[in-house]
Amino acid sequence: MSKFIFITGGVVSSLGKGLSSAAIGHLLESRGMTITFLKLDPYINVDPGTMNPYQHGEVYVTDDGAETDLDLGHYERFTTVKLSRENNCTTGKIYESVIQKERKGEYLGATVQVVPHITNAIKERIMNVAHDVDVVIVEIGGTVGDIESLPFLEAIRQMPHDVGRENVLYIHLTLVPYIATAGELKTKPTQHSVNKLREIGIQPHILLCRTDRYLPPNVKDKMALFCNVDKDSVITAKDVESIYEVPVVLRKEGLDELIVRFLKLETGPPNLRDWDMLVQKIKRPRHEVTIALVGKYVESRECYKSLSEALVHGGLRDETSIKIQWIESGAIENDGPERLLADVDGVLIPGGFGTRGIEGKVETIRYVREKNIPFFGICLGMQCAVIEIARNLAGLEKANSAEFHAETPHAVIDLLPEQRGIQDKGGTMRLGAFPCKVKSGTLASSAYEQADIHERHRHRYEFNNEYRDALTAKGLILSGTSPDGKLVEIVELQGHPWFVGTQFHPEFHSRLCAPHPLFTAFIGAALQRKFGT
């Protein structure tokens, strides 16, 4: 039987449950264990696909086309696990499934209640991922005390009764603030948070204490006493320079040894040597390049989490750190690109939806095209590149996307026939991994070093094939297409040192141990522009 680790959070949100879960997964994999993850999110939306990025941050897409929580990106970046729609579940999904069963009469006329019907549905989702793995790591979204989280907490409280107490481990992530004026670390928030958990019947086995310094023995003693845990079960989750240091810090605190002991796992010693070498490369780079990220949601960096991490990965080959210059595309519209982009070594335009800031992105692309600055356009960024080339090189002055201007005379970006008339917004885009054929002799071919690739998509509009001849005649290179040649997946620009746009999201496949080749090539081009080597 699989073992189960349940990770909860207390005191405040955004303490890093997702990163902690991912780090624990990495530590267990480094010991030779097979693992998987499940993120249980308490919001009522069925998935985050229709949520405002400022509300929820990035929407992470899996190979099978699920729109999921951004923490699944952390899970995949820290481990070798490939996740699917089974690895993320919301309150909305749970209630949807229970109501559907009730409508079909599957409850045989019983009164449908939170306990046992909702909690049983939650436990069923937990057990669904517990196949052929040693350990299932389950992260409970939200903060202990939130009313939305109660059904999930009740469900995991019941798990020891279902699978045996020896197969369940509770880890609680909490905040231990340092009050400078008093010169003290304060344990009271953690005590209250643990008491809240114990009120509903969950006694944590391990405390992960988020703090800016290592906890001294006397503080650990006090927390162990008042929270009813062993002293060595109080673990410092110290702030770090790079998120990839988290497994290293938790290993030094003995977290993996504790987990192995509590769950009676038979494992080998951990091997973090290669991981630690990569962390050192990040912390001690030889070079630095400045990359402008021109987007619509730059006020919230969580909206571009996979992108910012993929840029970090892309610098590893050349031992280069990435300084991201976050630029609101609306600022380009107001101030022009000359001042804002004067000192950058490369420009990345990410995906997005809606008309706001589009002209700023198009103007940015014109500038980098004329100045020969390395350019990487992803999804909407690629579409804006097509619009810019159509307007300024092909002479189609009013070229646009049908998404932004339905009456444009030149819809170089348009809906596929099968997308027309769709009413529901959730889960109806082209989602998930699709094959792509890469054309030889192109920048994409040089980066991938293979002709057949699979990449993850999240979009509704496509390159309009009616304009292929007009745009390729002006230097646009269609360097990647679907295997049947009908869908344009990658574009480049003839004569430019590095100008690549992808309809897909390559950042979703980038890992610390396996950087995405397009990001590596992009950073290499930025480095070459800066140093001329």
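Glycine 32 follows helix α1, and its phi is positive, near 90 degrees. The model is predicted. Helix α1 itself covers residues 17–30. Its 14 residues reach 20 Å from first C-alpha to last, close to the 20 Å expected. Of these 14 residues, 13 are buried, so α1 is largely enclosed by the rest of the structure.

Next comes a sheet. Three strands form an open sheet in the order β16-β17-β20, with mixed pairing. Strands β16 (399–401) and β20 (461–463) stand at the edges. Each has a single partner strand, so one side of each lacks a neighbour in the sheet. On average, neighbouring strands are turned by 30 degrees against each other, direction ignored. Strand β17 (residues 410–415) runs antiparallel to β20, and three bridges join them. Leucine 415 stands opposite tyrosine 461 in β20.

Now the aromatic rings. The structure holds 14 aromatic pairs. One of them is edge-to-face: tyrosine 60 with phenylalanine 508, 4.9 Å centre to centre, with 70 degrees between the planes. Tyrosine 60 lies in strand β3, and phenylalanine 508 in the loop between β23 and α19, so the pair ties together parts 448 residues apart in sequence. Tyrosine 60 is buried, with a relative accessible area of 0%. Phenylalanine 508 is buried too, at 3%.

Phenylalanine 78 and tryptophan 275 form a tilted pair, 5.5 Å centre to centre and 45 degrees between the planes. Phenylalanine 78 belongs to helix α3 and tryptophan 275 to helix α11, so this pair ties together parts 197 residues apart in sequence. Both residues are buried. Phe376, Trp498, Phe519 and Phe522 form one aromatic cluster.

Note on methods
Residues numbered from 1 in each chain as written. Predicted model: local features only at pLDDT ≥ 70, side-chain atom pairs only at ≥ 80, totals over all residues. Heavy atoms only, no water. Helix = DSSP H or I, 4+ residues; strand = E, 2+ residues; numbered from the N terminus. Expected span 1.5 Å × (residues − 1). Buried < 20%, exposed > 50% of the residue type's maximum accessible area, 1.4 Å probe, protein only. Pairing = 2+ DSSP bridges. Axes fitted to C-alpha atoms, helices over the stretch in contact; angles between N-to-C directions. Phe/Tyr/Trp six-rings, centres within 6.5 Å; stacked < 30°, edge-to-face > 60°.
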